[in-house]
Structures are given as C-alpha cells and as structure tokens.
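Please look at the sequence and the model first, then read on.

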4 protein chains.
Amino acid sequence: MSEAIDFRVPVLGECTVDSPIILSHILGDNLANYVDDEARVVYTVDVSASEREYCVDESELLQKAGPRERLFFTPARVHAGVVTCGGLCPGLNDVIRALTRCLWYHYGVRSISGIPFGYHGLLPESTAEVIRLDPDSVDDIHKIGGTCLGSSRGGGERTGEIVDSLERMGITMLFCIGGDGTQKGALAIAGEIERRGLQIAIVGIPKTIDNDLSFIQKSFGFETAVSIASGAVTSAHTEAHSAINGVGLVKLMGRDSGFIAAHTALACHEANFVLIPEVPFELDGPNGLLRHLRDRLERSNHAVIVVAEGAGQDLVSAEGTDASGNRLYGDIGLYLRDRIARYSRDEGIHINLKYIDPSYIIRSGVAVPTDSVYCSRLGNNAVHAAMAGKTKVLISLVNDHFVHVPIRCAVGVRNTIDPESSFWRDVVEATQQPFLMVNDRE
Amino acid sequence: MSEAIDFRVPVLGECTVDSPIILSHILGDNLANYVDDEARVVYTVDVSASEREYCVDESELLQKAGPRERLFFTPARVHAGVVTCGGLCPGLNDVIRALTRCLWYHYGVRSISGIPFGYHGLLPESTAEVIRLDPDSVDDIHKIGGTCLGSSRGGGERTGEIVDSLERMGITMLFCIGGDGTQKGALAIAGEIERRGLQIAIVGIPKTIDNDLSFIQKSFGFETAVSIASGAVTSAHTEAHSAINGVGLVKLMGRDSGFIAAHTALACHEANFVLIPEVPFELDGPNGLLRHLRDRLERSNHAVIVVAEGAGQDLVSAEGTDASGNRLYGDIGLYLRDRIARYSRDEGIHINLKYIDPSYIIRSGVAVPTDSVYCSRLGNNAVHAAMAGKTKVLISLVNDHFVHVPIRCAVGVRNTIDPESSFWRDVVEATQQPFLMVNDRE
Amino acid sequence: MSEAIDFRVPVLGECTVDSPIILSHILGDNLANYVDDEARVVYTVDVSASEREYCVDESELLQKAGPRERLFFTPARVHAGVVTCGGLCPGLNDVIRALTRCLWYHYGVRSISGIPFGYHGLLPESTAEVIRLDPDSVDDIHKIGGTCLGSSRGGGERTGEIVDSLERMGITMLFCIGGDGTQKGALAIAGEIERRGLQIAIVGIPKTIDNDLSFIQKSFGFETAVSIASGAVTSAHTEAHSAINGVGLVKLMGRDSGFIAAHTALACHEANFVLIPEVPFELDGPNGLLRHLRDRLERSNHAVIVVAEGAGQDLVSAEGTDASGNRLYGDIGLYLRDRIARYSRDEGIHINLKYIDPSYIIRSGVAVPTDSVYCSRLGNNAVHAAMAGKTKVLISLVNDHFVHVPIRCAVGVRNTIDPESSFWRDVVEATQQPFLMVNDRE
Amino acid sequence: MSEAIDFRVPVLGECTVDSPIILSHILGDNLANYVDDEARVVYTVDVSASEREYCVDESELLQKAGPRERLFFTPARVHAGVVTCGGLCPGLNDVIRALTRCLWYHYGVRSISGIPFGYHGLLPESTAEVIRLDPDSVDDIHKIGGTCLGSSRGGGERTGEIVDSLERMGITMLFCIGGDGTQKGALAIAGEIERRGLQIAIVGIPKTIDNDLSFIQKSFGFETAVSIASGAVTSAHTEAHSAINGVGLVKLMGRDSGFIAAHTALACHEANFVLIPEVPFELDGPNGLLRHLRDRLERSNHAVIVVAEGAGQDLVSAEGTDASGNRLYGDIGLYLRDRIARYSRDEGIHINLKYIDPSYIIRSGVAVPTDSVYCSRLGNNAVHAAMAGKTKVLISLVNDHFVHVPIRCAVGVRNTIDPESSFWRDVVEATQQPFLMVNDRE
C-alpha cells in the first residue's frame, strides 16, 4: 500500500450553520471537543527502522471523523434516509438505531425515513412503504438480528430513478449501509446528484461480513460472525472426534477474503486445515489436501477442515452474477465433500464425513457487545459527517480512529489476507497445515 | 503522548542459532517471512494536516514482534517457565495454551514448567508442585475460565528468592502474565538476573481486565469482560423497567480506568449514567447525580447507573494496600446504594433499587472467540521474543501490529479514558447524561 | 400426600355458548379434540406393589385443562385483564404473550388490558395507564426479560377497591400471574366478586421461581433459573480453583425450598456443599460445616458452597415482612461469608473467599426455550379455563398433563424438597457432603 | 396404552451383599432411604371421572429405581463397561461421568472400562484401545459435546463375538447408552449371556434425541436440542423477515416423531408451518402446503417452515438401511426447497428461500443444565440397578419418578406425537397452520 492515495474528502459546500451540539474548544477542561477538519490519522504505520526518519505527506493522511462546530445543513430542514443493501450482517439494526438516535437527540432532526428492502425501495415499482424512524421505533431493534428495514441485492444501478425518488421525497442526506456493490451504487447516485446540482449528502457505512473492504480495519459484525462460526467448527470437531475416522467440513463465508475462516480457525483451535481464496491449493498429488488429510487421519483418527466459500474457485466452475453484480461462485463446500467421499472410497478408507454450512445462522445473528459498540460509533460519526456536508465518504476505523474515507478509494480493491503476513503465519502455526498444498513450485 | 519515548528493546545477547521454524525471506512467494529486528510500527498516528508533512524519529518507533531467523537460545537447552499473577481475567488459559504449543510444536522445546499460584510458587515456602505443561495437558484448558496454574497477588518483590528458584530449576525464560504490579516484579527479577550475570529472558504478557496498561491497544479478556458486563446491565435495566421507580445500579471493574464501564454502557444501550474514575462527579446540589437521577425518574420512571469501582474515590474513604501493592479502594457501589436509598427517603420518593456486582462472574468467564484469537497471537509472539533473547519486554498490540514494548515504558503510567476524546463523547451521547455532574466550575 | 384432597373446580355457571374454536369429538380422525370436564389426571403415582391393586377416588383426580366445546362467556363480550405480581421470573412475558394471542386469535377477544405494576395498578391511587394488549404489542416481548406490564409486591389485600376497579373497567376475566401471596389475593378478590354476585372469572398462573408452590410439578422460569445459576456456580468454582485455598460462596434464591440450589448443584457438578432450608445444619463442632469445609480444603485446596437464601434461618435473625406479606429473612449469604472469614482467621488458615449473589441476574433472564414452551401452554390453558367459566383455579402441570388446581388447594402449603427423597440423595451423592451436618443426633 | 403390559423386571439372582452406601430405613429421620423392590409408580394417569374409582393391577406398575440395601454384586469384584452407540446426542458425556463417579465413589468399584466407538469396540477387529474411566478422566468431559468414548452405528447384531469379548475382559456389568437399535442389541447380548449361564448385568440408558422411545417421558439431550434448534429457527425467521417474500426453511431431526420440530416451533414462536412424520400433508391442491404458503406470503411477505426429517416420506423416495438398521429416508428438506422454488417460478412469485439444516450443530451441543441434571440421575440409577443385579432394563423417567423399564417393553414401539393431543393442538394454535393440509378427506 505504498503508492500515494488521495484521501481528500468531497464536501457539498461551506459550513455556516452552528451545531446544536455544545462541545468545547479547549484542551484540558475535561469536556469533549469539536473535531476539526484538519485533524488527521496516519494510515501506513508499518515501516522499517533503517529509514531513520519516517515521513508522510498530508494527502496520505485520513481525515478524522466526529462532530464539527459548524454544519452544512440546518437541522430543522434535514430529511434523512437510511437504506440497507445486500446480504444480512450482524449489527445492521445497531447502525440504524445509532443513526436515528444521533440525528434525533443530538441534532434535533425529526424527519428520518427508512427505505424498505434496499435500493429497490427507491425504485418506482416498489410497493413497500417507507418506514418512519424515531427513537421509539428503534429502541429494541438491536436485540434482533437482520435489518428492520429489509434488504435486497442490486437496484443501485438505476441511478436516475433513485435520484428522482430522493428529490420527490425531499431527502437531504442518504446513509447507505452496504458492501462494495452498494458503495459503488452510492457513488453513482452521488454523481447523478452532482450533475443535477442537488445538495444531498451521500454517506456510506461499510458492511462486509467478509471483512474485505479496503481501508476498513475491521468491518462491523465480523466479531459476531467469528463467534458464531467458532461454535460451528466446535460442532464439526465434536462430530469428527466422536467417530471412527471422523472428518468435519465447515464452509464459512468469504468470497474474496478468508478472514472469517482464518480467524475462526485461530479462535477455536480445532481446525486442522483452513482453505482461503488468497492461498491456492490442490487436492491431488503427494502435497495435495487429500493426501495430507489421509496422513492426519492416520495420525489422529479425526480431522476438521474449514473452507471459505471463495477458496479453490479454480476447482469448481460457475457462471453468471447475482443481482448485486457479484460473480457467482461454484460451491467449494459440496465439491470438497464429494471429492473427499470419492477419495475415501477409492483408497478404501472408511471415513465419517459431516458437512456443516452455518452461513445463514451467522449472517442473521445478533451483534456481540463489542460489535454493538462499534456500530453505535459508526452510526454517530456518519451523522456528524453528513451534517457537515461531507459526501461520497465512508465512515471507517483506521488505526483505532474513526475517519472519513472517500468511497472512490474503498471500492474496487478488496482487502485480503496477505499470505506472507504474521496473521496468516499464526493461523498456519495453529492448524499445523502445510504453508502451501501444491505439488509443483517452480 | 508527544514527548519522545525510547522504545528500544533490551536483549540478552547476539542471536547465533538457526531457527527451526522454516519461513521465507522473499516477498511475493506466498510464504510467510521471518520478521526482521528493523521492522517497526509507528506509535502516534493522531496528527494535524496543518503540519503538511508528518515525521517521526526512529527511536519513537516500536519494534515488530514475530519469529526471527536466528535465535539466542538453542531450543534443546531451553527450560521455559510460565507464571500467572493477580486477579483472574478471561483468556489466561488461552495464553498458557499458546505459549506451550508454540514452544513445543514450533521450537521443539520439551521442558515447560507452569509455576503454581503466581510468584508465590517461586518462593521457598511454596508447597504446591510445579505443573508440567505439554500439548496434551493444555489441549482443552481454553474451554474453562481462570488459570490452570492458579494465581495469587504479590510475592514478586522477593526478587532474590525468586531468582534463586529460577536458577535452581534451570529456567532459561520466564513468561510473566499479569498486570502493572506483576510487570514491575518482572522488571525487578530481570534486574537481579542481570546483576547475577544470568541469561534468563523475562517476557511479559500484559493482563489487565481494566484495559489500563499504557501502550496496549486492547488488553486480552477485555471484550469478554464487556460482553458479560453487558448482560449484567441488561439485567439491571430489566429489573428497573419492571418496577415502579426502578433503579438498577451495577458496579463494574475499573480501578483507575473506566473502560469496561464505558464500553458496556455503549454496548448495551441501557445505562443512563456511567461513572468512571477519570471524570469527577458530585452527588448533591442542583448539578449532582442525585438530582439528575430524580429528574430521570420523573421523566421515565426507571434508571440504570453503571459505576466503575474506582469512580468517586473522593467520596469514599479507605486505607492500605492489597498484596499486589494496589491501594485499597472504598466501595463506591455500596456507598451509592446507601446514598440513593437515603436520598429517596429524605425526598419522599419511593424507589426500587437493585444493586448488582457481577465482578467475579466477569473475571472468571471463558474468553470469547475474538479474545481467544488475540491470546493465541500474544502467546506466539511472546515465545518468538524470548527465543530471540529479547528480555524486559511486553508483547503488545499497537495500531493492529504486534510489537515489543519495553516493560519500563509500560509500567507506572496508566492508560485512561480521555474525557475529551471522541470515545467518551460517544458514551455521553449514548447515556444522555450531563458531561460533568459538578456544581461549581471556576 | 395420602389424605384426600378435594380437587373439584369452581365454575361461574353453565356453559351455553359454542366455542369459536373448531375441534373434533372423534378419536382417530387425526384432529385435536375438545377436552371434556370429565377428563381427569391421577395425582399420586407413588405406590407400593404390596397393595396388589391401586385405587383412587374420583375426588382425588385433577381436572384436565384444555379447550371446551361450550363456553360460559360470549367472546365478543369479554374484556380480559392480565396482572403480574411479585418478583421477576423468567417467562413472564411469554405467559402474557400466550394469553394475548390465544384470546385474540382463537376466541376473537379484542379487549385485553394489561394492569400496570401488579395489583397496585388496580388501586385508586395508581397513576400508571392500563396497557392495551394485542398480537402486535406482544409480538417480541418474549425476547426480553422481566414483565412488560411491570410488577410490584402486595396490594391484593385491598379487595374491595380492586373489585371496584374491575367493575368500573368492565373486566370479565382476570389472569393473575404470581406466587403464593398473589394467589391468596386472587382468592380473596374472587370471594368479593362472588359476594357482589358478579360474573368475573379469576384464573391464576402460578409463578414461583423457587418452585415452591404445591401441586405444581415445575414452575415456569425454573429451568432458566437453574441455567443461569449454574453459570454463577461455575464462576465460583473457577475463582476457588485458581486461588490458594479458594472458597466460592454462591447465594441462590429459595426462601422455603432449596430447589434452585439443589438442581444447580446437580447441574454444574462443581458444588461441594449445598445448604437448603429443608435440611438444618450447624456451623461449629466436629460435624459442623466449618470443620467439613476445613477438611475439604486440606484435601483439595478449594471448595464451593451453594446456599439457598432461606437456609440456616435459625442462625440469622430478622424481623418483619415485605409488602407481599412474606417474612423478612436474615442474609445467610453474608452471615456465612463473615463466619467463614472469622473461622479462617481464628484457625490461622489463609483462605481466598469469593462471594457471588446472582439473584437479580437470574430473575431478569430471558426464558430458555423449554420454559418458553411451558409458558405458552400455561397461557393457552388459562384462557381455555376462563372462557369456560372456571374460576378460583390455577393452571398447573401434574404428571405431564395440564390441569385445573383449585387455588384453595395450592396456597398455604409449600412444596419443598423431601430430605429423604431420591432427588436429595442424588444431590448429596453429587456434592459428597455429609447427609446431616449437625453434632447431636439423639 | 390401555392393554396390560408386564413391567416385571428381570434379575440375575438373589441380592445377598450389603451395600456400602449407608442410608436409612426410617421415614422421618431426614435421611434418604434405601429404595425397596416393592416401590412402584403408576404409569397411566390419564383417566375419566366417570369411572368413579380408578384402579390398576400390580403388574401395570413400574418398579422404582434407586439404591438397594442389598446388592447382587460384590463391589470389589465388579468390572463395569460403558458403551455409547449411534448418533451423537447432548448429554452423553454427562451420563458417562455419572456412571463412573457413582461406581467409584459410592460403590468403590475401581475397574471401569469405556468401550471405544460403540459395539464395534467389542468386535475382534477393533484396534482402538479400551479407555480406563475414573473420576479424574471424566472430571470435565461434561463441558464438551459428543462422547469421549466415540460412537458408531451397528455391530450389536454380532452377539456371540461381543459376549466373547465381555467374557475375555471379565466384564460383569455393561451399560449400553443408545437408542432403539442399541437397546435391541443389548437385549440380544443379554440373551446370549443367559444362554451361556453368565452373570453379567445389561442395563440400558435410553438415548434418543428424537424423543421417540416408548415409556420414556423425556429423553436426555432433548431440551438442549430444542434450545439449539430454536436458535436456527430464529435465524430462518430473521432471514425471511429481512427479505422480500422471504421464506425460511429449517430441517430438524425426527425420523418417526416430530417432537423436536414441534417443541421448537412452540418455543421460538416464529414458525408458520410445522411438518412432522405423524401428520400427513400434501404439497399441491387448494389445501396443500404450497397454496397455504402463498397465502401466507400475500398476507405477511415472509414465512418460516420447520420440517422434521421423517415428515412427508410418501413424497420422497429412498431405499436401504443404515448400519444401525434404520431405514434410509429421502431428504424432505431438499425436496421441499426444490418444490417451493419450482412453484414460485411456475406461479411467477419472486421469493427468497433460505434453507438451514442445523442437525450436526444440535447433536454435538453441550447439555443445558437441566439436561445435565437428568443425565446425572439416569447414570446414578443405572448403577444402582446393575449393582442390584437388575438386567435387561432401561432406566427411565415416568411421571417424574425414575423407574426400571424392561427393555423388551421399550423397543419396537415408537413414541410419537398424538395428532389429537393437547400438545399438537397447542403447536397448531401457535403456528396458525391448518390442522390438516390434505385435499380429500372422506
């Protein structure tokens, strides 16, 4: 990540309105302070001592999020919209709750509309009603998984119709909670808004249970996902351990990035093989997975394999894309299940294979408390950003500081596990699998 | 934190032994690499854009942790000791497990001794037997709370006797898992080792459920603590909400730092007042807690107060220190309970007060999966550090990188919540309590 | 239980209204059938083979609960009231939800009023508003602990004023969810209703987290209570096990009956002493608890004591009654804590005592699924009973059948653990404590 | 169940050995008593008041389980074996633990052998070693799911070889933990033992996660299963509720009996259709499931279907049997998924179907505390039975009393949900599905 990236944040215009939030300007008075547009956070912290002195240019610094002293929008005239898109992720309701409460209690905004079922709720054919959000209606939603607004895939590409709807509804700021496709849609919507000369802020809250968005230290819901996934791997281990040559196979989420699979393997200490999209592997041959699995069974009589859904896509074939524009993937879980079964028949080894796919149980979970804290703070900072007229930005956590990341920086390039990183090293050390299960390395 | 701190790491001597861990030197070959002593991490990331260019000196960079290509110790001659000190904290067994497995599987070390009941297990009068650690004995310990070695307070000040024991046992590296007092003890032990010209590495793993050690981004067990504490606050809320003028009062851990209390309040969304050591408050007067509580009851008929044990120590009196040398604290929980009861009698308001102190239930919990991941990685990195002859260092996580922090930097100065930080601002916004509950501010 | 009890059920009058619920009369058509008033359940199943033939008289049989073909009330004219009294208990909201849904969906009743804060909500001075209950308002309440109606102690003795309120509101059936005091109140209210010649059905749903109501096989919330209490005992065990001479002391609910304490000890396998109200014990002397505790510490270095709040009341003194009319109890938990501490000082044994009182955390819990099933069915059967004009009855589970128990049978006599039963034998076998810890037995 | 069943219990011979367990003979001395062979429990409690007097013959009474004053076996000469067979079920380790501890602590038995991997561990070709059981080795096993002995299907039909092994090992009592097939095997083994004139007690502990064994009020692990299944149904509901026309489909265990599916539906309140083996249903036609599903979606936009694996077996075809001799079943879950998908395409209704199969996660769970209590007591009573020379018996709970049920009574006839029972009525009322979804009823 050493090439310079331009982290400058787009704004709708000058901030001329006094914030109704009363904070301090003085350090040392024990009162929280307004955050200045000049406050920044260093992105790259990974350096070599041999450089003697480490310097970064201003453009490589990320702008800190937080409440500004002056706002772009007059709170009384604000009509905020909230939309949740794509697959479920623990914490969605926590974010919706935080947005609503921050707008209502801290800025006094009284018009907050929940868009039903993703971008589709802004299309002319939508029949579902807009949901009025206020502190009462969101009070207990964080105790329930999913999204109280409903969600759907796609729709964001119909930019013109969506901006028509925003204009008709009189929305002045739209909070787009979703992943890569959603944020691309948000950027296109913001572009159309600009073309029409409208003053509508578009602020994204990155949602990616796979943890695969760039410039996002940790995506919300991720800890919850790992927590639930760990339970599933423990189940697989229990099944495998209680049977003669038991093999537990667990498919976890992770299309382009194996973060959930790898963290879960580290967390539950019971996986013997972790297969992720970032690290290619082969099934056959002396250094292939099947041979290593067989060796493991001979040594220990049981084995657990965790596979991310995007792993080994060279082995399975699939075509087309879903409504979010994501490429459809072959089902590596079922493929492995069948290949292991066939291998055991061919080799005359009796095995007991148990296949677990806990994806929907994970996605629909209620956020664990630390995810809940994170969601609250994401929501608050998104409101502060929009009120100050920031647009085309995501709220993100970088080096433990909340920052504004321009959407254009975050979309397109995935965050993945570096197979040479200390993290992956720790995973491989925990599972004791070979670093690479390929036969020919020239 | 702008004054320069010297982060240079003490070592026992030159590394001349080849590591038995086979890693790569090459970037881009998809294999994990050895970590170089020159690899560093920037500590301070919080800057102002007005500086145009942000530079730090080499001495202000933290050394990255990880496996070195050359070791100080010959694995076959290593006898490792592990000691857990002070109060319980979720994740202790995870750390013990990781240390044992990394030593055994990755370095081939076969002599690993668990010291029973803290530093006391190294004192001549100890009757408890040393516990032999190996992968079998630690296989399932992470599923159980507490520490399989036992723990105790104090003892670390008897430096001479402890080093006598280490010499007698032939221990070459000691892993000290504990908080501020433990690490001070570790530093003193390392000093005595140096005076005697011995070659014993002392590596600390910081344990502080309060999250109050400096240069530690997040202490292990903290997320688990917040998770269990959130349940207790939800109980208090349920009790308060189901009664006429119900008041739930929950005392949480946090002697010098209110991190658990503040995170819990943010996580469970149900606290109306959070009292922490960092922010003074008064009980009486028009801006005192009691008056605000009364107003809250009049508005909403119920209220929840979360108080960190170290909050309001000016209100309660106590003397002396415990065996760890920590100052004894007055019991602010019981004090508040009694003062609120008296206030309600005096004012003729009938209230239903329920007091919950979940401290032991929190401390003894099993680590949640993300804490478990963290503990594994702390343990691995501690072993890598000791094998390379680093001493008088803590393993820490800073800006999401594992680093070596000299113990002398970390002890003495507590990590606390900055009342002017965005974090505390988000807490206050969530509870809707006044920023300061004091009457006279001149 | 060998003396004859008269289980005949009072009714308001003849049933002449056809039920809107369509069921079958025919056995074997795979359709559920109406329950006949003649359907009965044998109460006493515990007999001796030497009797050759075992016979019971009709009056000793309990009437089965369930939907009747003919009702006393015309659904369209029903106004149902629901009141929750006394301390919290897991499952209260589940019962309220079941009552509401059964009335609404199955009988078409549209007037359902939740009385706020127990019987106090029916007193003239109450300012809290009656809560309208319908399927929407109760849809998610079972996911939250406590009672959505609020609760309070006492008030039921003001019979005249309460019946005035019922008349004024036009209530035709009142569901009283509460324990012994509440049901006594319900009986008195029903008596006053009778005196005034009104036709209001009074149906009780027994709530007793202590499981101490007679003729109730298992009280709702009890399994949840044991589940949460088990976690607290595990915490005590972890603390005790991790310390030198660690003693964990847990106080659990159980004023007259030690069911929660005893079940919890059996469930978590980690208690060494269980003290319950039904079995007297002494502290001092060669066969007293303190001596046995000391022996245990000498053998095993740690010990866990579980004490029901009503145990050892001869040792602690207290006076007066609470608002429910329950005798106030001395705090045996704190008393034991202090006596053990003094004993250890006197005897010169250093111990680490950790005292845990998880009562509020237990009471406020969300019902576990099997409790939730039980609550649903209690609620349904209560509605069926009231619609058929049964009054002064409790819904109960006896020998796995839902039955009508006349309130007059159930109040007054507590259900307790028989120290000579197989259940207590299994508890004592599990803890390995002496059957009796008293010194003089002549 | 009105025809007379002979509940008399087979014994190996006369009891002449004094029990080492010291209990009382006297009622009223607050000490637990020995249980007499004459103590009985009434089985059928469901009667009609019109009978005036209800009488049962002695042979229809079940013998009470519990410790006898005189034993058949001399404890010092006992060698006990424990075997777990068939699929996993929560609580297996709890039972193994209770058996071991009761034998060891209460009878002083020191030879306890765990048979590895079911009956296969007693076959000559088994290479797995017998596991020595003692209080240390079983101390923490109840905190882990599965069985520490391993399990497998089948093998029990090789009676001669198994009895050869028992003779060779010198086993005097074998505890067989398993379901219908296992208990049939146990009966055959006991027959062979009898033919050879050996004195080996065979005592079964019924294990059936489906709750489908006759004369077993509630099988162990069932509450845990319902608890975990409820979470899966909540996930399905969350997914369905958050999508446009979302349909959640959950397949649960239950080959011949729909207890888990039905209890789960009642517990989580979120299922709209429950399909069980006991109640036939059709997919097509005006009263078929698909039409009702469509109506539900039109009304509410989402729906949840819970299906037991044995439901609708007339719709799916399968052949053969598994190693336990159970008939193989067609996969009704996948069949429904495909049929619903096809129906939605044919009818032009866009639906979002999410299919969840949590079976392995349920089976491998750790027992909830109330299951744990039950398992402890089953284990204790099994030991008491075997020591007193009872054989060919199961330990069961009937009307809340532990009893001896002759294995011959319990095998062969399944326990199923009576579609005309109050329980199924409550389920149907909760889901609001039609009582029967078939088109032609003549």
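The sections below go from the whole chain to single elements and residues.

## Basis of the report

This is a predicted model, in which local features need pLDDT of at least 70 and side-chain atom pairs count only at pLDDT 80 or more, while totals for chains, interfaces and linings use all residues. Residues are numbered from 1 along each chain as its sequence is written, and chains are lettered from A and ligands numbered from 1 in the order in which they are written.

## Chain A as a whole

Chain A contains 11 helices and 17 strands. Both kinds of element are DSSP runs numbered from the N terminus: helices are H or I with at least four residues, and strands are E with at least two. The C-alpha trace of chain A spans about 75 × 60 × 40 Å along its principal axes.

Of the 442 residues of chain A, 62% are buried. A residue is buried if 20 or more other C-beta atoms lie within 10 Å of its own, exposed if 12 or fewer, and partly exposed in between, with C-beta atoms placed from the backbone. Two residues are in contact if their C-beta atoms, placed from the backbone, lie within 7 Å. Among contacts in chain A between residues at least 6 apart in sequence, 76% join residues at least 24 apart.

## Where chains C and D meet

In the interface, 64 residues of chain C are in contact with 64 residues of chain D. Helix H9 (residues 369–387) of chain C gives the largest share of the chain C side, seven residues. By class, that side has 30 nonpolar, 20 polar and 14 charged residues. Here Ala, Val, Leu, Ile, Met, Phe, Trp, Tyr, Cys and Pro count as nonpolar, Asp, Glu, Lys and Arg as charged, and the others, Gly among them, as polar.

Strands also link the two chains. Strand E2 (residues 39–42) of chain C and strand E3 (residues 46–48) of chain D run antiparallel and are joined by three bridges. Two strands pair if DSSP finds at least two bridges between them. One bridge partner of this pairing is D:Asp46 in E3(D), which stands with C:Val41.

## A buried helix in chain D

How many residues of helix H5 (residues 259–268) of chain D are buried? The count is 10 of the 10, so H5(D) is largely enclosed by the rest of the structure. The buried residues include D:Phe259, D:His263 and D:Cys268. Their cover includes H9 of chain C, and from chain D it includes helix H4 (222–241), strand E12 (246–252) and helix H11 (422–431). Just after H5(D), D:His269 takes a positive phi of about 60 degrees.

## Two packed helices in chain C

Two packed helices are described by the angle between their axes and the distance between the axes. Helix H4 (residues 222–241) and helix H5 (residues 259–268) of chain C pack at an angle of about 60 degrees, with their axes 9 Å apart. Axes are lines fitted to C-alpha atoms, for helices over the stretch in contact, and angles run from 0 to 180 degrees between N-to-C directions.

Residues of H4(C), including C:Ala225 and C:Val233, meet residues of H5(C), including C:Ile260 and C:Ala267. By class, this contact has seven nonpolar, four polar and no charged residues.

## Parallel strands

In chain B, an open sheet of four strands has the order E13-E14-E12-E15, with parallel pairing. Strand E13 (273–275) and strand E15 (352–356) of chain B are the edge strands, each pairing on one side only. The twist averages 15 degrees from one strand to the next. E13(B) pairs with strand E14 (residues 302–308) of chain B over three bridges, and B:Phe273 has B:Ile305 as its bridge partner in E14(B).

In chain C, seven of the seven residues of strand E12 (residues 246–252) are buried. C:Gly246, C:Gly248, C:Val250 and C:Leu252 point one way from E12(C), and C:Val247, C:Leu249 and C:Lys251 point the other way. E12(C) runs parallel to strand E14 (residues 302–308) of chain C, joined by seven bridges, with C:Gly246 opposite C:His302. Five bridges join E12(C) to strand E15 (residues 352–356) of chain C, also in parallel.
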